[in-house]
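Here is a briefing on one protein chain. Look through the sequence and the structure first, then read the notes by topic.

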Amino acid sequence: MKRQKEERLMGNDVSRRDFLKVGGFAGFAAGAAGLGIGSILGAPAEAHAEAITVTDFVYTCPLCGQKTTDYDALVKHFEETHPQAAVPTCAALSINGADVKVQVEPHWTLRETLLKAVGLTGNAKQMCDRGACGSCTVLVDGVPALSCTTLAVECEGKRIETSEGIAADAKWRPLVEAYAKHDAAQCGYCTPGQFTVAKYIIEKYGAPTDEQIRAELAGNICRCGTYSRHVQAIQEAAAAIEGGN
Ligand code: FES
Ligand code: FES
């Protein structure tokens, strides 16, 4: 039964691959097919997710394709080889506790950056991409933010948390388990955003009421109609996490 549920939550081959890559809940993931979430069951609590997937960054000259593993080396390359051109933008970000320097286009949203540069697929999959559905919600300095309408360069110096990072933290394992137990994830499109806001709710209220949960999740649209299940899961997790404190 547990296995069946796991298979159903995994959804499709894309999410299965992401599940395997990240080891579990962080496979709240969708790739090209844009469907499915990774299993939130089955993996040991201490190894169920990776907070960040890409750790070795490569910087690429957009003019000649030269690659470096150091941003300063890319800047030097530009000064020597393309002195008239603008140096590519680099954003210094703190993502799920890791300080990373990623090459970005100045117009890249945080969602695009998480997906293209850091390899995180949970909150970063493309959904409405226009601030209407809430599925891309991440926490920026602890507060929900729509990553599809936030520029990556705006987030320098701020703390970014995604569903992968939350799931990788053993403290939040009860929230992962409550989501699985209450079947709060169906197709999985909305789930990473809902889950991320769930963490915010528990931290903010400790023991939230149903009304507080519904109000905080109001911006997160679920076409599968799982709304009441999020309330149940968050209530249960809040009790187990002791108010998130
Ligand atoms: S993808 Fe950002 S709000 Fe819908
Ligand atoms: S679980 Fe399908 S959109 Fe929410």
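The model is predicted. Its mean pLDDT is 83, and 79% of the residues reach 70 or more.

**Confidence**

- Over residues 1-37, pLDDT stays under 50. The model still has 103 contacts beyond four places in sequence for this stretch.
- Over residues 39-44, pLDDT again stays under 50. Here the model has 21 contacts beyond four places in sequence.
- Where pLDDT is low, predicted coordinates should not be read in detail.

**Annotated span**

- An unreviewed UniProt entry places the feature "domain: C2H2-type" at residues 59-82.
- In the model, residues 59-82 are 46% helix and 17% strand. The end C-alpha atoms of this span lie 15 Å apart.

**The sheet**

- Five strands make an open sheet, in the order S4-S3-S7-S5-S6, with mixed pairing. S4 and S6 are the edge strands, and each pairs on one side only. Direction ignored, neighbouring strands of this sheet are turned by 45° against each other on average.
- Strand S3 (residues 89-95) pairs with strand S4 (residues 98-104) in the antiparallel sense, over seven bridges. Threonine 89 has valine 104 in S4 as its bridge partner.
- The hairpin of S3 and S4 has two residues between the strands. In this hairpin, asparagine 96 takes a positive phi near 50°.
- S3 also pairs with strand S7 (residues 159-161), in the parallel sense and over two bridges. Isoleucine 95 stands opposite isoleucine 160 in S7.
- S5 and S7 run antiparallel and are joined by two bridges. Leucine 139 has glutamate 161 in S7 as its bridge partner.
- H7 packs on the sheet and touches S5 and S6. The direction of H7 makes about 35° with that of S5.

**Nonpolar cores**

- In soluble globular proteins, nonpolar side chains tend to be buried together.
- Which residues have the most contacts inside the largest nonpolar core? They are Leu93, Val102, Val104, Leu114, Val118, Leu120 and Ala152, in a core of 27 residues. S3, S4, helix H4 (110-116) and S5 are the elements that give two or more residues to this core.
- Valine 102 touches Phe57, Cys90, Ala91, Leu93, Thr113, Ala117 and Val118, not counting residues up to four places away in sequence.
- A second, separate core has 25 residues. Phe195, Ile201, Ala238 and Ile241 are among them.

**Helix H6 and its cover**

- H6 is mostly covered, with seven of its nine residues buried. The buried residues are Arg173, Pro174, Leu175, Val176, Ala178, Tyr179 and Ala180.
- What covers the buried residues of H6? The cover includes helix H5 (163-168), H7 and helix H9 (227-241).
- Just after H6, aspartate 183 takes a positive phi of about 55°.

- Most residues other than glycine have a negative phi.
- Aspartate 183 has a positive phi although it is not a glycine. Is aspartate 183 exposed, partly exposed or buried? Aspartate 183 counts as partly exposed because it has 14 C-beta neighbours inside 10 Å, and the partly exposed class falls between 12 or fewer (exposed) and 20 or more (buried).
- Aspartate 141 is not a glycine either, yet has a positive phi of about 50°. Aspartate 141 lies in the loop between strand S5 (137-140) and strand S6 (143-146). Aspartate 141 counts as exposed because it has 12 C-beta neighbours inside 10 Å.
- Aspartate 210 lies in helix H8 (residues 210-216). Aspartate 210 has 12 C-beta neighbours inside 10 Å, so it counts as exposed.
- Aspartate 210 and valine 231 are 21 residues apart in sequence. In space they are 6.2 Å apart, C-alpha to C-alpha.

Definitions and conventions:
Residues numbered from 1 in each chain as written. Chains lettered and ligands numbered in written order. Predicted model: local features only at pLDDT ≥ 70, side-chain atom pairs only at ≥ 80, totals over all residues. UniProt positions renumbered as here; feature names shortened; annotations may be inferred. Helix = DSSP H or I, 4+ residues; strand = E, 2+ residues; numbered from the N terminus. Contact = placed C-beta atoms within 7 Å. Pairing = 2+ DSSP bridges. pLDDT = per-residue confidence, 0-100. Axes fitted to C-alpha atoms, helices over the stretch in contact; angles between N-to-C directions. Core = buried A, V, L, I, M, F, W, Y, C linked by C-beta atoms within 7 Å.
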